[in-house]
Amino acid sequence: MLSSALSKAHEAILEQLEQRHDAWRPAYHLAPQVGWMNDPNGLVFFQGEYHVFYQYHPYSTKWGPMHWGHAKSADLVHWQHLPVALAPDTEADRDGCFSGSAVVWEDRLYLLYTGHRWLGEPGREDQGLYQVQCLASSEDGLVFTKHGTVIEPPVPEMQHFRDPKVWRRDDAWWMALGAREGDDPRLLLYRSHDLFHWEALGTALGGTREQDGYMWECPDLFPLGDEDVFLCSPQGLRPQGYRYRNLYQNAYRLGRLTDAARFLPRTDFIELDHGHDFYAAQTLEAPDGRRLLWAWLDMWESPMPSQADGWCGMLSLPREVSREGDRLRQRPARELIALRESEHPLAGQHLKSERLLLPLEGERLELEIELDLSTSDAERFGLALRVDPNGREETLLYVDAQAGRLVLDRERAGRGVAGVRSLPLTAGQTTLHLRLYLDRSSLEVFVDDGLHTFGSRLYPGPDSQGVALFASNGSARFSQLRAWTLRDLAL
């Protein structure tokens, strides 16, 4: 039987569905039915299906007391919304069921999450907060029984203490937690044999406010090849040239997690995604051994025009993560090929200081294109996406040859959004391969087979459907053009 808080959340969703507007609602990304969505959490494969939970406020399109939204899929393409899994209805989590993780043990599904309480006026962080780690379980993956607090903060004055990530290592369960000691970030580790009783293993890695930010949210620790990856969402990193231009970041370090529960980094932090909207990335190990990753395809304090439509927030596409040298490679999950509805034949092009509108349009597209860097001498050359026939809107993705960078420019990408993001091209690089996924209000770009990525939100008008190639002040060659219209699976 659902608790009263869960029943109220369900009723609120049904009441708001009739007023929802879908102009920018994604066709194939996971978004909430109504209300507010942020961080993905509780990624797990259970009873033959993928389950994705997420931070959810069903009563408003603004952040509020967090619930756990819930969806599942058998194929990573078709998703089904399920009832809200967790609601803030106990003393431990009275002001929010914050992020966490899910694991399967002895045929039961366990959720570990942060119970959040304001010590003063709700929302007033300056008046204090108290965060603990809580446990819930389910036999069917739908109805969860809460078991209360399983970990208290190591010292009462540690107020930021959240986002447990749990995994199996040898014969025990391990947990990583993000914490803040004064103004400095900490990665804490715990270990358990039954998920109920946890042993503190201490600080696996510490940082300083000036160099590493003040908080590492949504930590994830996982092996990849012969190394370990520490993935997190640093808060408080200052912009450095082209880097760290968003309010908060997603970043990772490669290294080794020792049996003594210390993470020995080999690299500095590396940004996970170069777009405007990408945060709180989390991973799971698929049954076939692949490491899959999702992130919140939004950013705090950014324009969110869909709030006026009754819903807000979406998740990235599932990405397959591998390692190449000092970098993670992210490719679209191979299952996403099933999204392709129809292919559009396109010929390669050689442009000379001109712009060419392609015989292709739409708001649900997958594009593949190769830019020949060795024979192109244009100052700028690339693609214009979601082009308005009247010239008012477009999103640009292009090579700036003088700066030696690939640039994503959404200064005219639609309502509210703006800003330019970029990444450096490799010296001596002769070709640049791009794979793009356009949805009604988003763009995900996979560069050179996923060696780099951009994730950004766009809010163009309904007539902005065109795609064009361009070369400015010189010539450019475009080859291997392929395009598909993608299915509309919006829920």
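Colleague: What should I know before I start reading?
Modeller: The model is predicted, so local features need pLDDT of at least 70 and side-chain atom pairs count only at pLDDT 80 or more, while totals for chains, interfaces and linings use all residues. Residues are numbered from 1 along each chain as its sequence is written, and side-chain values use heavy atoms, with hydrogens and water left out.

Colleague: Which residues of α1 are buried?
Modeller: The general idea first: an α-helix has 3.6 residues a turn, so residues three or four places apart point the same way. Here, A5, L6, A9, A12 and I13 of α1 are buried (under 20% relative accessible area; exposed is over 50%, partly exposed in between, with a 1.4 Å probe and protein chains only). Seen down the axis of α1, these buried residues fall within an arc of 120 degrees, so they line one face of the helix; the arc is that of the directions from the helix axis to the C-beta atoms. On the face turned away from the buried side sit the exposed residues S4, K8 and E15.

Colleague: What covers the buried residues of α1?
Modeller: The cover includes β2 (49-57), β3 (67-73) and β4 (80-86). Helices (H or I, at least four residues) and strands (E, at least two) are DSSP runs, numbered from the N terminus.

Colleague: In what order do the strands of the 6-strand sheet lie?
Modeller: Strands of a sheet pair through backbone hydrogen bonds, either parallel or antiparallel. In this open sheet the order is β25-β34-β27-β28-β29-β30, with antiparallel pairing; two strands pair if DSSP finds at least two bridges between them. β25 (355-361) and β30 (420-424) are at the edges with a single partner strand each, so one side of each has no neighbour in the sheet. Strand β29 (residues 405-412) is joined to β30 by 5 bridges, and R405 stands opposite P424 in β30.

Colleague: Which residues have the most contacts inside the largest nonpolar core?
Modeller: In soluble globular proteins, nonpolar side chains tend to be buried together. The largest core here has 56 residues, and F381, L406, L434 and F478 have the most contacts inside it. A nonpolar core is a set of buried Ala, Val, Leu, Ile, Met, Phe, Trp, Tyr and Cys residues joined through side-chain atoms within 4.5 Å. A second, separate core of 33 residues includes V34, M37, L315 and F446.

Notes
Contact = heavy atoms within 4.5 Å.
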